[in-house]
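Notebook open, model loaded. I want to jot down what I look up as I go.

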Amino acid sequence: MTDETTDVSTTKTACIVVRYFDQEAQKICSAFWELHKIFKETANTDSIPTANAENLCRALIISLTSRNVPLTNVIGFGSDGCNVMMGDHDSVKTRLLRDLPGIIITKCVCHSAHLCSSEACKQLPESVEQLARDIYNFFKHSDKRQFDFRNFQSFAAVEPHKILKPSQTRWLSLLAVV
């Protein structure tokens, strides 16, 4: 399973997580495999690679083969549904299906659920989500308001918690906020 991101330093990276059957534990385990830079630093601006299907797929294959993982052991691939990963024309998916016949391809269920719920939420008035954002903004920069909120939670005999911010990039964060 893989996904790309750009961190706060503007370095674009790809995270790879592997799932495997652990003989000793007799169960399927997931483990962090690698976080690699997609764009290698180079003085020659003409040779800067792009985050296209060819380069992402090559990086994934190199990551496995450089650690002596036979490609015949690769039985599945999972990622978000973006075109470069899962498109029907020249994507990581199409390259893996071509090079590893029989591989099982799955889109990330978290991404899929997020897309479904985002579309469903478009039926709600925008003011509902805006209210959640406004409440967060009301508390975020005021230590006094946060202190008063903690005191109120204590008075109401509820478990203390922080006001959360709805996030565009965290799946279904609105539920936790509400």
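**Entry 1: a phenylalanine in a helix**

I started with F149, which sits in helix α6. Helices here are DSSP runs of H or I with at least four residues, strands are runs of E with at least two, and both are numbered from the N terminus. Before going further I noted that this is a predicted model, where local features need pLDDT of at least 70, side-chain atom pairs count only at pLDDT 80 or more, and totals for chains, interfaces and linings use all residues. Residues are numbered from 1 along each chain as its sequence is written, and side-chain values use heavy atoms, with hydrogens and water left out.

Is F149 buried or exposed? I found F149 buried, at a relative accessible area of 17%. The cut-offs are under 20% for buried, over 50% for exposed and partly exposed in between, with a 1.4 Å probe and protein chains only. Skipping residues up to four places away in sequence, I see F149 touching F139, H161 and I163; contact means heavy atoms within 4.5 Å. I also checked F149 against K162: they are 13 residues apart in sequence, and their C-alpha atoms are 8.8 Å apart.

**Entry 2: the overall layout**

I counted 7 helices and 5 strands in the protein. Reading from the N terminus, I get the order β-β-β-α-β-α-α-β-α-α-α-α. Of the 178 residues, 24% are buried. Among contacts with a separation of 6 or more, 44% join residues 24 or more positions apart.

T13 is in strand β2, residues 12-22. I have T13 down as buried, with 8% relative accessibility. Leaving out neighbours within four places in sequence, T13 contacts D3, E4, T5, L35, H36, K37 and I38.

K107 belongs to strand β5, which covers residues 104-107. Which residues does K107 contact, leaving aside neighbours within four places in sequence? I got S79, G81, M86 and S112. I also looked at K107 and F77, which are 30 residues apart along the chain and have C-alpha atoms 8.4 Å from each other.

**Entry 3: how α1 meets α3**

Two packed helices are described by the angle between their axes and the distance between the axes. For α1 (residues 53-65) and α3 (residues 92-99), the axes come within 9 Å and cross at roughly 55 degrees. The axes are lines fitted to C-alpha atoms, for helices over the stretch in contact, with angles running from 0 to 180 degrees between N-to-C directions.

I therefore wrote down α1 and α3 as oblique to each other. Under 35 degrees would be roughly parallel, over 145 roughly antiparallel and 65 to 115 roughly perpendicular, with the rest oblique. The crossing of α1 past α3 is right-handed, meaning that the near helix is turned clockwise from the far one by less than a right angle.

On the α1 side I listed A53, E54, L56, C57, L60 and I61, and these meet V92, R95 and L96 in α3. That contact has 7 nonpolar residues, no polar ones and 2 charged. Nonpolar covers Ala, Val, Leu, Ile, Met, Phe, Trp, Tyr, Cys and Pro; charged covers Asp, Glu, Lys and Arg; polar is the others, Gly among them.

**Entry 4: salt bridges**

How many salt bridges are there? I get 7, with a salt bridge taken as a side-chain nitrogen of Lys or Arg within 4 Å of a carboxyl oxygen of Asp or Glu. I looked at these pairs:

- E54 bridges to R58, with the closest N and O atoms 2.9 Å apart. E54 and R58 are 4 residues apart in helix α1, so about one helical turn separates them. E54 is partly exposed at 36%, and R58 is partly exposed at 40%.
- K93 pairs with D88 at 3.0 Å, N to O. K93 is buried at 15%, whereas D88 is exposed at 61%.
- R98 bridges to D99, with the closest N and O atoms 2.8 Å apart. R98 is exposed at 55%, and D99 is partly exposed at 45%.

**Entry 5: positive phi**

D90 has a positive phi, near 50 degrees, and is not a glycine. I located D90 in the loop between α2 (83-86) and α3.

A157 also isn't a glycine, and has a positive phi of about 55 degrees. A157 lies in the loop between α6 (143-155) and α7 (173-177). I have A157 as exposed, with a relative accessible area of 69%.
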